[in-house]
Amino acid sequence: MAGCPLTIPSHRMPQQQQQRRMFTAALLALVFILAAVSTTEAGKKEKPEKKAKKSDCGEWQWSVCVPTNGDCGLGTREGTRTGAECKQTTKTQKCKIPCNWKKQFGAECKYQFQAWGECDLNTALKTRTGNLKRALHNADCQKTVTISKPCGKLTKPKPQESKKKKKEGKKQEKMLD
């Protein structure tokens, strides 16, 4: 056996071939992954050039939301921007004006209101203040607003004695009849 060349049993030959195939497949997979990573990195280098073109365009400036029907609900707004290299300088966007917001302060401004104050007897009005809670689409809203409304029926206190006298007078008239 000393002079005999190293022989591999025949049952081990297919196992070695299988291991070689697996090693080759793993090596090819690794090469494929490295190629994919290098192409994605090359793609990332191109994107900043595209962003440079976009920076020539100005910011979108939006008009107020104009409802389709009535003074609230679904509607549209117009957007414009400037820039020599911009592909699109105007566009229309759908919008919605909530119907429960106070329109007198701007349909896109939402306020948190305090409780109503006491009635001012000179003006017959009561007032309350609201602080800006939310502005839709960067609307230009006042930080604080004040609203007034009529106090309602103002009743002057009548003396109780006069009512009693009237009732007594009516009772006496009935008795005389």
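Me: Which residue in β6 is the bridge partner of Tyr111?
Reply: A word on the model first: it is predicted, so local features need pLDDT of at least 70 and side-chain atom pairs count only at pLDDT 80 or more, while totals for chains, interfaces and linings use all residues. Residues are numbered from 1 along each chain as its sequence is written, and side-chain values use heavy atoms, leaving out hydrogens and water. Strands here are DSSP runs (E, at least two residues), numbered from the N terminus. In β6, Tyr111 has as its bridge partner Leu132.

Me: Over how many bridges do β5 and β6 pair?
Reply: Two strands count as paired if DSSP finds at least two bridges between them. β6 covers residues 125–135, and its antiparallel pairing with β5 runs over 5 bridges.

Me: Which strands stand at the edges of the sheet?
Reply: The sheet is open, with 3 strands in the order β5-β6-β7 and antiparallel pairing. Two of them have a single partner strand each, so one side of each is left without a neighbour in the sheet. Those edge strands are β5 (109–113) and β7 (144–150).

Me: What does the twist average from one strand to the next?
Reply: Axes are lines fitted to C-alpha atoms, and angles run from 0 to 180 degrees between N-to-C directions. From one strand to the next, the average twist is 45°.

Me: What is the relative accessible area of Lys149?
Reply: Lys149 is found in strand β7. Leaving aside neighbours within four places in sequence, Lys149 is in contact (heavy atoms within 4.5 Å) with Trp116, Ala124, Leu125 and Lys126. Lys149 is partly exposed, at 33%.

Me: What is the phi of Ala124 near?
Reply: Ala124 sits in the loop between β5 and β6 and counts as partly exposed, at 30% relative accessibility. Most residues other than glycine have a negative phi. Ala124, however, has a positive phi, near 60°.

Definitions and conventions: Helices (H or I, at least four residues) and strands (E, at least two) are DSSP runs, numbered from the N terminus. Buried means under 20% relative accessible area, exposed over 50%, partly exposed in between (1.4 Å probe, protein chains only).
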